Amino acid sequence: MPPPKDVVKIAIQMVGAIPQLIELQQTKPLAAVLKDVCDAWSLPNAEQYALQYTDGRQTYITESVRIPPSPPGPAGAALTGSSVPFSLQNRREIKNGSILRLTTSPDQEAERLYIGIQSKNVDVKTDSLKKLASLSQDVTFAQEFISRNGLKQIYSIVEEGNDTGEMLAHTLKAFTELMEHDFVSWENLSTVFIKKIVSYVNMNAVDASIQQLSLSILENMVPTSRLLFELVKKEVTLDRLLAHLQVTNAQLQLKAMALLIALLLTATDAERRDMMDYLRQKNIRHFIHKNIIHSSEPLGDEMAHYLYVLQSVSLNLCEHRMRTSMDPYSQEQRELLQSLRQTAFESESEAPASNFSTERRRSLCAKEFRKLGFMNNSNPAEDLRRAPPGLLALDNMLYFSRNTPNAYSRFVLENSSREDKHECPFARSSIQLTLILCEILHIGEPCSETAQAFYPMFFGQDHFFEELFCICIQLVNKTWKEMRATQEDFDKVMQVVRDQITRTLALKPTSLELFKTRVNALNYSEILKLRQTERLHQEETLAVPVLELRERLKPELMELIRQQRLLHLCEGTLFRKISSRRRQDKLWYCRLSPNHKVLHYGDVEEGVSSPPIESLTEKIPVADMKMLLVGKECPHTKEKSSGKQNKDVLELAFSIVHDVEEYCLNFVAPTRYEFCLWTDGLNVLLGKEMTSERTQTDLDVLLSMELKLRLLDLENISIPDTPPPIPKPPSNLNFCYDFSHAEQ
């Protein structure tokens, strides 16, 4: 007979004592359980003890946690919700076979360490700070320590001390962990404390671990308050951050980049533009291209995300021009248009303007604007009234005409000499191409919180967007000639150009030169071949006999996909913890046991790609899984603020509801691909259908391969009616290797 749901069999250890094996009744008060355990070991004062996990983060077992009253002074003045009890219970997470430790209670330990960090003995103080840094990860201990005004002592050690060694590293680590629980507002930090942290970032002769912790503290601080942002921006110069990006220490580079990104994302549009202009002057792309992208160490996920954000922020500087329509009454903008015309038809404009009447000059300008490819040649400003792409299209045309004047003149004059119906309209093509590039590069869209897709060639080229336009506008002319297009074919040509650009960018070229080579190689005939292959493949799969064969093959292939999903879950995936405040550095790993009965998960350090299953201390039996939640249904997405910036999190979030109490294990997948494989695999474990779009894609690929094999042309190939005979066994087996004679 199986044990009741509210009873778990566990072991309890204590130093110097024989472990106890007990049946823990979850309905029994935790105080009573501790009393029984202490009585078995003849320990008085059971209220001074607590149970703690022996592995993983060694968290305390709690029944309910109430935020203690706020202590006086600034350190405790901002205890979150101090007037409202905050409840947390983790005793229900104890599973059969868990090993717990009897240890000092959190309040006793907090009191001991609070006294220890004030000791005059350096060794005692250092050991206490080291233990504090470790225990502060636990929410129960953190509350107890903060309630004793412990943060005030942390502030004092930093503000008054001149130590830059091990003691300071433990102090900063403890401070970071305590602030991670969000019980205390960052806005209550004193200016003295902040400037001390800043000094560690700006000093040269400081241990790298202290600089990393200091950069991380400042990164956490920046988004919380406008005043803190301005203070950090003023004290930590961009030059100093650039210096950190040039070091060989990858972790220091990562923390410096994290602070830089936090400053950029928190800044106003005007401040962000000024910062990016300054970074451009200091050649930040060269630093990144040389010291990070082409570093000897592989690029981590976190750095890839920051490079994506930097790329996105930089490209989004174009958004203002993209959304600004041309003002036909602006003298400056009209002069820019005229300069575009004059550059193209300079030789034709050499005749003195005074020789022509006003009407004649107007007629000549209209003719030249028509040759330039403007739809409204009498008032070309009207063509640029559409936003997007707005004035960004004009900027691109001007850049092309000024930086590649020969290519610009050749484009315009070559098409001016063609028949009217075959000329490629430069202005119209430029406007549409600018819009296409904005859509492909997601200009004007908010940064994703999880994306890591950046283009290495972006960091190898100044004026990336404009240079990309210069390559692509020449591609438009080339494709136009290859298609022998007329004005009626304009939309078709631009669709082909979009296809050429998209397919080439998908190859992730490392430089614009390589992009140019590949996109030009992907000519119209190649696009036609690719499209024809895709179309024929689609037509073949729609015939009635083929559809019938597909239906017969589906069950077998769906089972293959199910097995692949479970295998992927067994291999496991690295996930990131993401809060509403910021993108976290913390990582955790989750994988399915080989027998498909238990999900193992636990925290891991940066750089660990595939931890052994034994090191993942937390477990969820598959039998306890109740349901799978995705997107907006997940509890961790409801906690986050709504808005466009969280759209990507909604698309990648899923949760497993488990146990009688319906606890949730929350995930945010690193990519859409991982989201699909994990949600499919979990649905298989729950006995439900796989619903992700990846399932249909994989099924189509497998069906296509299987159908091609089944429908191979077997003409002129004789297929025997009976299988070939099995050859006789050899006369001896001396050719086989005898492993029993291997070297000993």
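How many cavities of 30 Å³ or more does the structure hold? It holds 2.

This is a predicted model, in which local features need pLDDT of at least 70 and side-chain atom pairs count only at pLDDT 80 or more, while totals for chains, interfaces and linings use all residues. Residues are numbered from 1 along each chain as its sequence is written, and side-chain values use heavy atoms, with hydrogens and water left out.

**Stop 1: a cavity**

Select Met276, Leu279, Arg280, Ile284, Arg285, Leu310, Ser314, Phe458 and Phe459. These residues line the second largest cavity. Its volume is about 80 Å³. A cavity here is a set of points, on a 1 Å grid over the protein atoms alone, where a 1.4 Å probe fits but cannot get out; lining residues have an atom within 4 Å of a point. Grid points are joined across faces, edges and corners, and the volume is the space filled by probe spheres set on the points.

Now colour the lining by type. There are 6 nonpolar, 1 polar and 2 charged residues. Ala, Val, Leu, Ile, Met, Phe, Trp, Tyr, Cys and Pro count as nonpolar, Asp, Glu, Lys and Arg as charged, and the others, Gly among them, as polar.

Show helices H12 (269-281), H13 (284-293) and H14 (301-315) next: each supplies at least two lining residues. H12 gives the most, with 3 residues. Helices (H or I, at least four residues) and strands (E, at least two) are DSSP runs, numbered from the N terminus.

**Stop 2: the four-strand sheet**

Go to the open sheet with the order E2-E1-E4-E3. Its pairing is mixed. Strand E2 (20-25) and E3 are the edge strands, each pairing on one side only. From one strand to the next, the twist averages 40 degrees. Axes are lines fitted to C-alpha atoms, for helices over the stretch in contact, and angles run from 0 to 180 degrees between N-to-C directions. Two strands pair if DSSP finds at least two bridges between them.

Pick out strand E1 (residues 7-13) and strand E4 (residues 99-104): they run parallel, joined by 3 bridges. Alanine 11 stands opposite isoleucine 99 in E4.

**Stop 3**

Select alanine 387 and proline 388. A cis peptide bond joins them, with omega about -5 degrees. Step on to proline 389: the bond from proline 388 to proline 389 is also cis, with omega near 10 degrees. Most residues other than glycine have a negative phi, and most peptide bonds are trans. Proline 388 lies in the loop between helix H17 (358-372) and H18.

Helix H18 (residues 391-403) comes next. Its 13 residues reach 18 Å from first C-alpha to last, close to the 18 Å expected at 1.5 Å a residue. The expected span is 1.5 Å times one less than the number of residues.

Is H18 largely enclosed or open? It is largely enclosed by the rest of the structure, because 10 of its 13 residues are buried. Buried means under 20% relative accessible area, exposed over 50%, and partly exposed in between (1.4 Å probe, protein chains only). Among the buried ones are Leu391, Asn396, Tyr399 and Phe400.

**Stop 4**

Start at histidine 463, in the loop between helix H20 (426-440) and H21. Its phi is near 55 degrees, a positive value in a residue other than glycine. Histidine 463 counts as partly exposed, at 41% relative accessibility.

Follow helix H21 (residues 464-483). It has 20 residues and reaches 28 Å, close to the 28 Å expected. Of the 20 residues, 14 are buried, so H21 is largely enclosed by the rest of the structure.

Arginine 484 follows H21, with a positive phi near 50 degrees. Arginine 484 is exposed, with a relative accessible area of 71%.

**Stop 5: the three-strand sheet**

Finish at the open sheet in the order E9-E10-E11, where the pairing is antiparallel. Strand E9 (625-630) and strand E11 (663-668) stand at the edges with a single partner strand each, so one side of each is left without a neighbour in the sheet. Neighbouring strands are turned by 20 degrees against each other on average, direction ignored. Strand E10 (residues 653-658) joins E11 through 6 bridges.

How values were computed
On a 1 Å grid over the protein atoms alone, a cavity is a set of points where a 1.4 Å probe fits but cannot get out, and a pocket is an open set with protein on both sides within 12 Å along at least five of seven lines; lining residues have an atom within 4 Å of a point.
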